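Hi there,

Here is the structure I promised to pass on to you. Have a look at it first, and then read on for what turned up in it.

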Amino acid sequence: MRYKVFIDGQEGTTGLKLQDALAQRSDIELLPIDSSKRKDKEARKKPLNEADIVFLCLPDEAARESALLVTNPNTRIIDTSTAFRSDENWVYGLPEIDLQRERIHSATRVSVPGCHATGLILSLRPLIDAGIVPRDYPVTCTSITGYSGAGRNGIEEYENPALAVAKQLNVPRHYSLQRNHKHIPEMQLLTGLEYEPSFTPVKASFKQGIATSIPLFSRLLPRDSSAQEIHEVLSVYYESEPFVRVMPYDSQPYLDDGHFLLTACNNTNRLDLFVFGHDDKINIMARYDNLGKGASGAAIQNLNLMLGCDERYSLQV
Ligand SMILES: NC(=O)C1=CN([C@@H]2O[C@H](COP(=O)(O)OP(=O)(O)OC[C@H]3O[C@@H](n4cnc5c(N)ncnc54)[C@H](OP(=O)(O)O)[C@@H]3O)[C@@H](O)[C@H]2O)C=CC1
Ligand SMILES: CC(=O)N[C@@H](CCC(=O)OP(=O)(O)O)C(=O)O
């Protein structure tokens, strides 16, 4: 069986990566669209409704518009934008938690998690489910990401030497300083936290790779859980996951002279989870490719689950 797939937004960062990966697959026929018509509503309607699976790789507003253009009940949609992640009619595409894998398999509408949200949710959800981190814990998280997360315009800005000098883009930049980043609603919804996490993203002058870091204090946890206990819970939770690797406890040997290498999962769909800590202080870190498990890789993982084929098909571990 060959599935018809249409990528709406196929000339953008996420769309291009998806296209490259799917063009190699014998089980998929990519439906074309004339480049000059790619923003034309009428021209998009045809492939949107001929496809078995549609990927939306568009800004939020355009994704909402395209989803409404799909009237064929047999067309299933995978959306990479923020538009539907908190929508109860859509399945959140993070198979590693709870019953999401089964839900994704039978879903007609799947939203791909936000890049920053992926690290926070995978770090905390098992601990909240186990009662180690209480739902009212005051969670804070810092995430450092490569500039490709900002899409085509962001990439052009960083890769334009004159602009990069004028705007001092060689220096890491904090943003969403009002603690209002667009991933906060999905972070709260999918962890079940009572309060919004205090989330600080930082964009830096490297293209690809992301790392989230979440500090916890044993004395604020109901069972005074230690870093080692937290490591054990995460290891068991993700034991059989193909893409989540819980690294050995307090992995000093994996560090470069005490420094964390956040690009180590680039060009894979893998996410590495680390637990560091001593005495009262615990630090949970996740590293992955913002364009892999943070975007296109996660989109392909969801596609594989929806089609019932090997979850790892065309993905690097
Ligand atoms: N980059 C990343 O790491 C991640 C991105 N995402 C999300 O995925 C989506 C795509 O992001 P990304 O690929 O980075 O963004 P890009 O800006 O690189 O690409 C978006 C594409 O959509 C096209 N487009 C814009 N408006 C319309 C429209 N009305 N109709 C049809 N096409 C349109 C753009 O064309 P043109 O350039 O000509 O305007 C561009 O080709 C976004 O919602 C983003 O938030 C999700 C996870 C990670
Ligand atoms: C570097 C950078 O600006 N990153 C973007 C997120 C990229 C992303 O993947 O977010 P969505 O999937 O929700 O669009 C940001 O933090 O807003």
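Before the helices come up, one definition: an axis here is a line fitted to C-alpha atoms, for helices over the stretch in contact, and angles run from 0 to 180 degrees between N-to-C directions. Please also keep in mind that this is a predicted model.

Let's begin with the domains. Where they touch, 14 residues of domain 1 are in contact with 24 residues of domain 2. On the domain 1 side, helix 10 (residues 292-307) supplies the largest share, four residues.

Next, the core. The largest nonpolar core contains 77 residues, and V54 and A299 have the most contacts inside it. Both domain 1 and domain 2 contribute residues to this core, so it lies between them. If you want to look around V54, its contacts beyond the neighbours within four places in sequence are F6, D8, L48, V70, T75 and I77.

Finally, a helix pair. Helix 5 (residues 115-129) packs against helix 8 (residues 184-191) at an angle of about 20°, and their axes are 9 Å apart. Angles under 35 degrees count as roughly parallel, and these two helices are therefore roughly parallel to each other. The crossing of helix 5 past helix 8 is right-handed. From helix 5, A117, L120, I121, L124, R125 and I128 take part, meeting E186, M187, L190 and T191 of helix 8.

Enjoy exploring!

Best wishes

Methods
Residues numbered from 1 in each chain as written. Chains lettered and ligands numbered in written order. Predicted model: local features only at pLDDT ≥ 70, side-chain atom pairs only at ≥ 80, totals over all residues. Core = buried A, V, L, I, M, F, W, Y, C linked by C-beta atoms within 7 Å. Buried ≥ 20, exposed ≤ 12 C-beta atoms within 10 Å, placed from the backbone. Domains from an automatic or database assignment. Contact = placed C-beta atoms within 7 Å. Parallel < 35°, antiparallel > 145°, perpendicular 65-115°, else oblique. Left-handed = near helix turned anticlockwise from the far one by under 90°.
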